[in-house]
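This report covers one protein chain. It moves from strand pairing to the whole chain, then to selected residues.

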Amino acid sequence: MGKNKKTRKVVMQRFAQMKKMISPSDSRIKAEHRAPPKKTKPEDPHEIKTHEAPQQSAALFFQYNMQLGPPYHILIDTNFINFSVKNKLDIIENMMECLYAKCIPYVTDCVLGELEKLGQKYKVALRIIKDPRFERLPCMHKGTYADDCLVNRVTQHKCYIVATNDKDLKRRIRKIPGVPIMYVSQHRYTIERMPDAYGAPKK
């Protein structure tokens with residue numbers, strides 16, 4: 001019996017300690033004795049709210065992109081230019097052959113920065129994209145990492161086709177509905193996920 005009394009006493013002491021541990025702002029304490037709640041941080045208007053679902057683009061009719069149509073606006077990635085140079089393909093001419101329409105190639109500042117960083121080896125590629133037929137798109141972000149920039153642009157504006165041979169970038173763009181991908185395959189340009197209504201070449 002003595003042992004049971006001891007254990008009971010220990011349990012009661014622990015229970016008393018737990019009672020003491022109730023926070024001073026607990027709702028069970030009377031309002032006059034309750035401590036005021038801690039001040040919450042003011043909401044940052046630039047912070048992305050996680051509970052908000054992203055708004056669906058008005059350009060899409062289900063998976064069908066209504067903003068695509070000639071003249072085509074094509075965002076070019078660094079390695080697409082390099083593959084075109086290796087395969088001796090004229091970028092604008094081959095784009096027009098692939099899509100059977102006028103094409104306007106766009107080069108972002110970060111793509112230009114990536115090519116400049118690569119040095120003398122890619123001097124020809126640099127000279128090609130400085131052609132006045134290539135439209136320049138200014139970048140507002142820091143650094144010269146082009147993949148994130150291209151993904152952000154096609155997420156916001158659904159009027160672009162992305163020209164790339166990068167497997168990781170292709171995988172990321174396939175997750176965005178309604179954005180076609182152009183790439184170099186078998187010494188010519190091929191396009192995937194292009195709506196049939198525009199007479200895109202079949203694979």
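Two strands pair if DSSP finds at least two bridges between them. Helices (H or I, at least four residues) and strands (E, at least two) are DSSP runs, numbered from the N terminus. By that rule, strand S3 (residues 72–76) pairs with S4 in the parallel sense, over four bridges.

The model is predicted: local features need pLDDT of at least 70, side-chain atom pairs count only at pLDDT 80 or more, and totals for chains, interfaces and linings use all residues. Residues are numbered from 1 along each chain as its sequence is written, and side-chain values use heavy atoms, leaving out hydrogens and water.

**Strand S4**

S4 spans residues 103–108. Its Cys 103 is the bridge partner of Tyr 72. S4 also runs parallel to strand S5 (residues 135–137), joined by three bridges. There, Thr 108 stands opposite Leu 137.

Buried means under 20% relative accessible area, exposed over 50%, and partly exposed in between (1.4 Å probe, protein chains only). Six of the six residues of S4 are buried, so the strand is largely enclosed by the rest of the structure. In a regular strand the side chains alternate between the two faces of the sheet. Both faces of S4 are covered. Cys 103, Pro 105 and Val 107 are buried on one side, and Ile 104, Tyr 106 and Thr 108 on the other.

**Whole chain**

The chain has seven helices and eight strands. Contact means heavy atoms within 4.5 Å. Accessible areas come from the Shrake-Rupley method with a 1.4 Å probe; for residues, only the protein chains shown count as cover.

| Quantity | Value |
|---|---|
| Buried share of the 203 residues | 37% |
| Contacts between residues at least 6 apart in sequence that join residues at least 24 apart | 61% |
| Accessible surface | about 14800 Å² |
| Carbon and sulfur share of that surface | 55% |

**Cysteines**

The structure holds zero disulfides (pairs of cysteine sulfur atoms within 2.5 Å). Cys 149 is in none: the nearest cysteine sulfur, that of Cys 110, is 3.6 Å away. Cys 149 counts as buried, at 6% relative accessibility. Cys 159 is partly exposed, at 22%.

**Glu 114**

Glu 114 lies in helix H4 (residues 109–118). Is Glu 114 buried or exposed? Glu 114 is buried, yet has no salt bridge. A salt bridge is a side-chain nitrogen of Lys or Arg within 4 Å of a carboxyl oxygen of Asp or Glu. The nearest side chain of opposite charge, Lys 117, is 7.7 Å away. Leaving aside neighbours within four places in sequence, Glu 114 contacts Thr 78, Thr 144, Tyr 145 and Ala 146.

Key: Lys and Arg count as positive and Asp and Glu as negative; His and the chain ends are not counted.
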